[in-house]
Amino acid sequence: MSEPFVAERRGRARWFRRGPWENGAAAVIGVGIVMLMQPISIDLFSYSFVTILAGTLGFVVVSHFPK
């Protein structure tokens with residue numbers, strides 16, 4: 001392989017590591033659960049399911065990233 005291609009793959013691998021992205025997806029799920037349980041705003045409650053769903057789908061996608 002040529003050297004620029006290897007360097008590009010290393011840079012891409014650094015961005016697509018599983019750990020930080022899994023933590024972010026779990027945080028989105030947690031925010032969605034907080035939105036679901038809060039008694040103040042109906043708008044936050046309305047978007048809680050979409051937020052939890054987005055976090056879950058993100059977690060499924062990220063689980064296929066390399067370690």
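The backbone oxygen of S41 lies 2.6 Å from a polar atom of the Q38 side chain, a polar contact (a pair of N or O atoms within 3.5 Å; within protein, one must be able to donate a hydrogen and the other to accept it, and residues adjacent in sequence count only if both atoms are side-chain atoms). The model is predicted: local features need pLDDT of at least 70 and side-chain atom pairs count only at pLDDT 80 or more, while totals for chains, interfaces and linings use all residues. Residues are numbered from 1 along each chain as its sequence is written, and side-chain values use heavy atoms, with hydrogens and water left out.

**Q38 and its loop**
- Q38 sits in the loop between helix 2 (18-37) and helix 3 (42-62); helices are DSSP runs of H or I with at least four residues, numbered from the N terminus.
- The side chain of Q38 also reaches the backbone nitrogen of I40, at 2.7 Å.
- With a relative accessible area of 16%, Q38 is buried (under 20% relative accessible area, 1.4 Å probe, protein chains only).
- Neighbours within four places in sequence aside, Q38 is in contact with L44 and F45 (heavy atoms within 4.5 Å).

**Helix 3**
- At the start of helix 3, a side-chain oxygen of S41 comes to within 3.3 Å of the backbone nitrogen of D43.
- Helix 3 has 21 residues and spans 30 Å from its first C-alpha to its last, close to the expected 30 Å (1.5 Å times one less than the number of residues).
- A kink of about 35° is centred on S48; the bend is the angle between axes fitted to the seven residues ending there and the seven starting there.
- S48, T51, G55 and V62 are buried in helix 3, and the cover over the buried residues of this helix includes helix 2.

Key: Helix = DSSP H or I, 4+ residues; strand = E, 2+ residues; numbered from the N terminus. Buried < 20%, exposed > 50% of the residue type's maximum accessible area, 1.4 Å probe, protein only.
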